[in-house]
Amino acid sequence: LLCCAEAPPYVGVGECGHADACWVCTMRLRAISRDYRCPMCKKELDEVLITNNASPVLIKMLKFETFEKDDGVAVRFANADIRTAVMRLFEYRCRVEACAKRSCAFRSLRELENHLWYTHW
């Protein structure tokens, strides 16, 4: 498993059937690097599914079009909880312990910068 964390709850899987990248790495590759290839076989993937079940049997039976899709990075989500977790990756959040407990997101990078400057400096 290609992963930035130990025991990730979700993985990304493409039509090639490889489910060898964790969901965070899958999103980093697609959203930041604009790399739409499978990290294992390098096949160009029009879309991937972020799922909590990477069973080979399930992967062979998948019908990608049945899952909700984010067209921005061509990712589908196995359920609403996974979609919420993925969308949180794109939020601006303060990681200082006291603020992280409140789970407050900022609307822009500028708002987060101002918060850090005036609250934690």
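With a relative accessibility of 0%, I50 counts as buried; buried here means under 20% relative accessible area, exposed means over 50%, and partly exposed is what falls in between, using a 1.4 Å probe and protein chains only. Before going on, note that this is a predicted model, in which local features need pLDDT of at least 70 and side-chain atom pairs count only at pLDDT 80 or more, while totals for chains, interfaces and linings use all residues. Residues are numbered from 1 along each chain as its sequence is written, and side-chain values use heavy atoms, with hydrogens and water left out.

What does I50 touch, once its neighbours within four places in sequence are left aside? The contacts (heavy atoms within 4.5 Å) are Y10, V11, G12, W23, T26, M27, V75, R76, F77, A78, I82 and V86. H18 is 32 residues from I50 along the chain, and the two C-alpha atoms are separated by 12 Å.

Step back for the overall layout. The protein has five helices and seven strands, arranged along the sequence as β-β-α-β-α-β-β-α-β-α-β-α. Its C-alpha trace spans about 50 × 25 × 25 Å along the principal axes. Of the 121 residues, 36% are buried. Among contacts with a separation of 6 or more, 43% join residues 24 or more positions apart. The protein exposes about 7,900 Å², with carbon and sulfur atoms supplying 52% of that; these areas come from the Shrake-Rupley method with a 1.4 Å probe, and for residues only the protein chains shown count as cover.

Now to the inside. The largest nonpolar core has 17 residues, and those touching the most other members are Y10, W23, M27, I50, V75, I82 and V86. A core, in this sense, is a set of buried Ala, Val, Leu, Ile, Met, Phe, Trp, Tyr and Cys residues joined through side-chain atoms within 4.5 Å. Helix 1 (23-32), strand 3 (48-51), strand 5 (75-77) and helix 3 (80-88) each put in at least two residues, and helix 1 gives the largest share, five residues. There is also a second, separate core of eight residues, with V13, A19, I59 and L62 among them.

Setting aside residues up to four places away in sequence, W23 touches P8, P9, Y10, V11, G12, I50, A85, V86 and L89. After helix 1 comes R34, with a positive phi near 55 degrees.

On to charges. Side chains of opposite charge can pair when their charged atoms come close. Taking a salt bridge as a side-chain nitrogen of Lys or Arg within 4 Å of a carboxyl oxygen of Asp or Glu, the count is ten. One of them joins R37 to D35, with the closest N and O atoms 3.0 Å apart; R37 is partly exposed at 36% relative accessible area, while D35 is buried at 18%. Another links E91 and R93 at 2.4 Å, N to O, pairing a partly exposed E91 (30%) with a buried R93 (12%). E97 and K101 bridge at 3.7 Å, and both are exposed. Because they are four residues apart in helix 4 (residues 97-102), about one helical turn separates E97 from K101. Elsewhere, E47, K69, D71 and R76 are linked in a network of salt bridges.
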